[in-house]
Amino acid sequence: MTRQPADTLRHLCRTAGRGTVLLALCLLVVSVGRKADDAARLMATLVPAANAHSGRTDAGGCHGGSRPWHCHPKDGPGAVAGTASVIDGDTLEIRGQRLRLHGIDAPESGQTCADAGGAAYRCGQRAALALADRIGRQPVVCAVRDTDRYGRLIAICHQGGIDLNAWMVSAGHALAYRRYSRDYIAQEETARAGAHGLWQGMFEAPWDWRRDRR
């Protein structure tokens with residue numbers, strides 16, 4: 001059933017929260033004595049501005065401030081949110097959708113590295129476990145930027161305002177994927193300087209490890 005302009009106006013005013021800009025607009029429109037149809041048309045032009053809000057966003061178009069952490073993807077197909085399962089150190093799954101973390105590359109699941117003492121350890125497994133421990137069961141919000149050749153969404157993912165892509169690199173569990181992005185080079189340099197994660201010992205870059213095994 002199609003809602004008429006007058007019905008739209010009444011609906012907007014009923015659903016406007018107390019003290020919100022939208023409620024103020026409703027009161028203004030009513031106070032100037034416009035006809036319901038004209039008022040509804042006016043509201044249609046004003047509501048987008050009322051719902052807009054300011055605040056600096058990160059590379060993924062996400063921010064928080066006075067509202068819960070959320071994203072405004074600029075050019076991608078949208079955002080994906082929910083409880084995430086960790087596939088590996090740079091891949092999540094949310095509601096059946098695979099998401100590849102933008103701008104980073106973590107060791108592969110079967111990859112081994114050497115720790116500070118020279119002992120081998122499964123660095124790919126450790127990266128995945130670190131990401132899983134960081135996420136837990138709390139919701140994750142991912143701003144989608146692209147889709148790769150495997151059908152995975154390329155995304156910047158956040159939890160509670162923390163950029164998980166950046167966290168993985170700064171903790172030394174992943175590298176900045178310079179072939180596709182320069183977004184996380186600073187975090188990699190910090191991890192290298194502090195000998196965090198992979199940087200405490202010896203490792204092969206994930207892209208080289210994959211190439212050598214093709």
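Predicted model: local features only at pLDDT ≥ 70, side-chain atom pairs only at ≥ 80, totals over all residues.
Residues are numbered from 1 along each chain as its sequence is written, and side-chain values use heavy atoms, with hydrogens and water left out.

The pLDDT, which is the predictor's confidence in each residue on a scale from 0 to 100, averages 79 over the chain, and 64% of the residues score at least 70. Over residues 15–34 the pLDDT stays under 50, and the model has 22 contacts beyond four places in sequence for this stretch, a contact being defined by heavy atoms within 4.5 Å. The pLDDT is also below 50 over residues 39–52, a stretch with 21 contacts in the model beyond near neighbours in sequence.

The chain contains 7 helices and 13 strands, taken as DSSP runs (H or I, at least four residues, for helices; E, at least two, for strands) and numbered from the N terminus. Of its 214 residues, 40% count as buried, where buried means under 20% relative accessible area, exposed means over 50%, and partly exposed lies in between (1.4 Å probe, protein chains only). Among the contacts in the chain with a separation of 6 or more, 52% are accounted for by residues 24 or more positions apart.

In soluble globular proteins, nonpolar side chains tend to be buried together. A nonpolar core is here a set of buried Ala, Val, Leu, Ile, Met, Phe, Trp, Tyr and Cys residues joined through side-chain atoms within 4.5 Å. The largest such core has 26 residues, and those with the most contacts inside it are Leu-92, Leu-99, Val-140 and Cys-157. At least two residues of this core are supplied by each of β5 (91–94), β6 (97–101), α4, β10, β11 and α5 (164–170). When residues up to four places away in sequence are not counted, Val-140 touches several residues, including Val-80, Ala-84, Leu-92, Ile-94, Ile-135, Cys-157 and Leu-164. A second, separate core of 8 residues includes Tyr-121, Cys-123, Ala-191 and Leu-198.

A search of the whole structure finds 2 disulfides, a disulfide being a pair of cysteine sulfur atoms within 2.5 Å. In one of them, the sulfur atoms of Cys-113 and Cys-123 are 2.0 Å apart, and the torsion about the S-S bond is about 65 degrees, so this disulfide is right-handed. Because Cys-113 lies in strand β8 (residues 113–114) and Cys-123 in helix α4 (residues 123–135), the pair ties together parts that are 10 residues apart in sequence. Cys-113 is buried, with a relative accessible area of 5%, and Cys-123 likewise counts as buried, at 2% relative accessibility. A disulfide also joins Cys-142 to Cys-157, with an S to S distance of 2.1 Å, and the torsion about the S-S bond of about 110 degrees means that the disulfide of Cys-142 and Cys-157 is right-handed. This pair links distant parts of the chain, with Cys-142 in strand β10 (residues 140–147) and Cys-157 in strand β11 (residues 153–159), 15 residues apart. Both Cys-142 and Cys-157 are buried.

The count of salt bridges comes to 11, under the criterion of a side-chain nitrogen of Lys or Arg within 4 Å of a carboxyl oxygen of Asp or Glu. A network of these interactions links Asp-90, Arg-100, Asp-105, Glu-108 and Arg-210. Within it, the side chains of Asp-105 and Arg-100 meet at 3.2 Å, N to O; Asp-105 counts as buried at 0% relative accessibility, and Arg-100 is buried with a relative accessible area of 9%. Asp-105 also forms a salt bridge with Arg-210, the closest N and O atoms being 2.8 Å apart. The pair of Asp-105, in strand β7 (residues 104–105), and Arg-210, in helix α7 (residues 206–212), links distant parts of the chain, 105 residues apart. A further salt bridge joins the side chains of Asp-212 and Arg-211 (3.5 Å, N to O), where Asp-212 counts as partly exposed at 46% relative accessibility and Arg-211 counts as partly exposed at 48%.
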